[in-house]
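Please open the model in your viewer and keep the selection panel at hand.

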Amino acid sequence: SAPFFYAMEKSKAVVKLPDQTIALLNRTLPKPGPPKKVLEEDNFIESLDKIIQRDFYPDIPKLKAQTEYLEAAETHDWDRLRAISERYATSRPTPGPQTPATFSDTPKATPLGKKGS
């Protein structure tokens with residue numbers, strides 16, 4: 001059978017071995033971790049639901065927003081539609097002019113049949 005520990009002091013332990021002899025062993029004791037936070041059952045279930053949703057169903061918030069928007073559109077609730085649009089609107093940069101910076105960047109054209117000089 002395994003040795004039975006009678007007493008423990010810092011990093012030493014007094015043990016009784018199976019043959020009734022007592023030995024002093026040097027052992028490093030694990031350092032105590034931070035105190036554990038015990039959650040109430042309701043808080044635990046809510047936290048677990050959030051983790052499961054985040055890890056396994058990441059599209060649920062988007063689907064809920066789409067459903068909310070479609071329900072508001074169906075009932076012609078314009079104030080709610082405006083609020084939803086503002087909440088989920090993303091700012092897009094306006095595109096600048098689509099012209100080259102300088103005209104010297106364009107290649108020179110040569111007439112067909114003539115070799116460039």
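Begin by selecting Ala83, which lies in helix H3, where helices (H or I, at least four residues) and strands (E, at least two) are DSSP runs, numbered from the N terminus. This is a predicted model, in which local features need pLDDT of at least 70 and side-chain atom pairs count only at pLDDT 80 or more, while totals for chains, interfaces and linings use all residues. Residues are numbered from 1 along each chain as its sequence is written, and side-chain values use heavy atoms, with hydrogens and water left out.

With a relative accessible area of 38%, Ala83 is partly exposed; here buried means under 20% relative accessible area, exposed over 50%, and partly exposed in between (1.4 Å probe, protein chains only).

Arg82 forms a salt bridge with Asp79, their closest N and O atoms being 3.2 Å apart; the term stands for a side-chain nitrogen of Lys or Arg within 4 Å of a carboxyl oxygen of Asp or Glu. Arg82 is partly exposed at 46% relative accessible area, whereas Asp79, at 55%, counts as exposed.

Which residue forms a salt bridge with Arg87? Select Glu68, and the closest N and O atoms of this salt bridge are found 3.4 Å apart. The pair links distant parts of the chain, since Arg87 belongs to helix H3 (residues 78-88) and Glu68 to helix H2 (residues 60-74), 19 residues apart. Arg87 is partly exposed, with a relative accessible area of 47%, and Glu68 also counts as partly exposed, at 23%.

Next select Arg54 and Asp55, which form a salt bridge whose closest N and O atoms are 2.9 Å apart. Arg54 counts as exposed at 57% relative accessibility, while Asp55, at 45%, counts as partly exposed. The structure holds 4 salt bridges.

For the last stop, select Glu41, which is found in helix H1 (residues 41-56) and is exposed, with a relative accessible area of 59%.
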